[in-house]
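Subject: Structure for you to look at

Hello,

Here is the structure I promised to pass on. Please open it first, then read my notes below alongside it.

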Amino acid sequence: MDVANLLDPRVLLVTGKGGVGKSTVALALAMAGARTGLRTCLVEVEGRQAFAQLLETPPWDFTEREYRPGLFGMAIDPEDSLLEYLDKFYGVRPLTRLVRTSAAVEFATAAAPGIKDVLTIGKVKEMERRRDSDGRFSYDLLVVDAPPTGRIVNFLRAPDATTELVTVGPIRQQAQSLIDMLLDPARTNLVLVTLLEEMPVTETIESAAALRDLGLTLGPVIVNRVVPERLDDAGRKLLEGLDDDGLADLAALISDAGVALDRDGAAALRDLGRVHLRRVDLQQRMREVLAARLRLPRLELPYVPSSEFGAEEITRLARIIEEAVT
């Protein structure tokens with residue numbers, strides 16, 4: 001898959017090591033989808049209310065709502081998914097209130113390993129297959145803020161584990177339909193989010209191997225919070241060779257440019273510049289590791305400094321994704 005085809009599948013499952021900005025990237029992908037004219041729904045599955053905070057909306061729940069033009073959002077709750085399933089296949093809507101207030105739901109979602117994950121993926125599949133009265137799919141794109149890489153393999157193995165436990169009947173058929181969706185590259189792709197740092201890159205590579213073993217299709221890797229290099233070769237050479245004896249000259253040079261700076265300030269500026277160079281060098285090494293071991297297209301999103309990171313900053317990232325796919 002090329003970066004230009006990033007938004008082609010109907011379902012994007014976004015995952016990454018904790019702390020890499022997985023939810024931020026998921027929201028940026030959904031915004032980009034809506035900006036390109038795709039009727040898009042962003043799905044939260046872990047109940048963290050990250051998107052409500054980023055978009056400054058009321059808490060998200062099981063109801064699908066339009067939060068931006070063409071951009072819908074909802075939070076999947078396994079209990080609501082179970083009740084919806086029971087109503088759809090067994091017609092128990094009159095008993096919904098009774099079931100909800102009893103221990104039946106809690107028992108059902110705890111009795112079988114991975115059943116909550118099956119119910120969550122099942123709701124995604126229902127939305128992916130849903131059609132409007134004119135026969136068109138209700139959504140062109142579903143972006144799922146999936147569990148982090150530490151849990152994503154077990155999350156996605158849940159339907160397969162269910163088919164091993166249940167060999168006949170509607171539950172097995174439903175589980176098999178989830179597997180069919182997950183393994184169809186035209187319907188579902190995994191999007192791995194990472195930083196150009198050693199631990200996130202290592203976990204991304206290991207997760208990619210495990211996900212491929214499940215037969216899943218991996219889309220482009222999104223590298224988040226990339227720091228651009230601020231110095232050219234001449235500036236880098238000057239900074240690397242600047243010893244303490246040259247600090248007074250640096251302070252004078254900067255003062256001549258209109259910024260008052262003493263020798264201590266010049267030393268702090270030099271040290272900060274060297275930290276920047278180490279960061280840039282680390283990023284380049286990690287790019288080379290990803291290129292050699294992962295062999296997937298990459299899309300880099302820049303580090304966006306902000307005192308209050310929110311919708312404006314994510315819109316900037318969405319525009320970069322939009323440009324990459326159009």
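**The largest cavity**

The lining of the largest cavity is made up of six nonpolar residues, one polar residue and no charged ones. Please keep in mind that this is a predicted model.

Which residues line the largest cavity? They are Leu-13, Thr-120, Ile-121, Val-124, Phe-155, Met-181 and Leu-182. Helix 6 (115-129) and helix 8 (170-183) each bring at least two residues to this lining. Helix 6 gives the most, with three residues. The space inside the largest cavity is about 40 Å³.

Now turn to a pocket. The second largest pocket has a volume of about 290 Å³. Its lining includes Arg-230, Leu-231, Gly-235, Leu-238, Leu-239 and Leu-242. Leu-250, Leu-269, Arg-270, Leu-272, Gly-273 and His-276 also belong to the lining of this pocket. Two elements give two or more residues each: helix 10 (233-240) and helix 12 (263-293). Which helix supplies the largest share of the lining of the second largest pocket? Helix 12 does, with five residues. By class, the lining of the second largest pocket has seven nonpolar, three polar and two charged residues.

**Aromatic rings**

Next, look at the rings. Searching the whole structure turns up three aromatic pairs. One of them joins Phe-51 and Trp-60. Their ring centres are 5.4 Å apart and the planes make an angle of 40 degrees, and the pair is tilted. Is the pair of Trp-60 and Tyr-67 stacked or edge-to-face? Planes under 30 degrees apart count as stacked. The planes of Trp-60 and Tyr-67 are at 5 degrees, with the centres 4.6 Å apart, so this pair is stacked.

Phe-51, Trp-60 and Tyr-67 form one aromatic cluster. Phe-51 and Trp-60 are both buried. Tyr-67 is buried too.

**Charges over a ring**

Find Phe-137 next. Arg-10 lies over the face of Phe-137, 3.8 Å from the ring centre. Arg-131 also has its charged end over the ring of Phe-137, at 3.9 Å from the centre.

**A glycine in a loop**

Where is Gly-215? Gly-215 is in the loop between helix 9 (198-213) and strand 7 (221-226). Is Gly-215 buried, exposed or partly exposed? Buried means under 20% relative accessible area, and exposed means over 50%. The value for Gly-215 is 38%, so Gly-215 is partly exposed. Pro-185 is 30 residues from Gly-215 along the chain. The C-alpha atoms of Gly-215 and Pro-185 are 9.7 Å apart.

**The whole protein**

Last, step back. The protein has 13 helices and eight strands. Its chain totals 326 residues, and 47% of them count as buried. Consider contacts between residues at least 6 apart in sequence. Of these contacts, 73% join residues at least 24 apart.

Then go to the cluster of Phe-51, Trp-60 and Tyr-67. Finish with Phe-137 and the two arginines, Arg-10 and Arg-131.

Best wishes

Notes
Residues are numbered from 1 along each chain as its sequence is written. This is a predicted model: local features need pLDDT of at least 70, side-chain atom pairs count only at pLDDT 80 or more; totals for chains, interfaces and linings use all residues. Side-chain values use heavy atoms; hydrogens and water are left out. Rings of Phe, Tyr and Trp (its six-membered ring) pair if their centres lie within 6.5 Å; planes under 30 degrees apart count as stacked, over 60 as edge-to-face and the rest as tilted. Buried means under 20% relative accessible area, exposed over 50%, partly exposed in between (1.4 Å probe, protein chains only). A charge sits over a ring if NZ of Lys or CZ of Arg is within 6 Å of the ring centre and within 35 degrees of the ring normal. On a 1 Å grid over the protein atoms alone, a cavity is a set of points where a 1.4 Å probe fits but cannot get out, and a pocket is an open set with protein on both sides within 12 Å along at least five of seven lines; lining residues have an atom within 4 Å of a point. Grid points are joined across faces, edges and corners, and a volume is the space filled by probe spheres set on the points. Helices (H or I, at least four residues) and strands (E, at least two) are DSSP runs, numbered from the N terminus. Ala, Val, Leu, Ile, Met, Phe, Trp, Tyr, Cys and Pro count as nonpolar, Asp, Glu, Lys and Arg as charged, and the others, Gly among them, as polar. Contact means heavy atoms within 4.5 Å.
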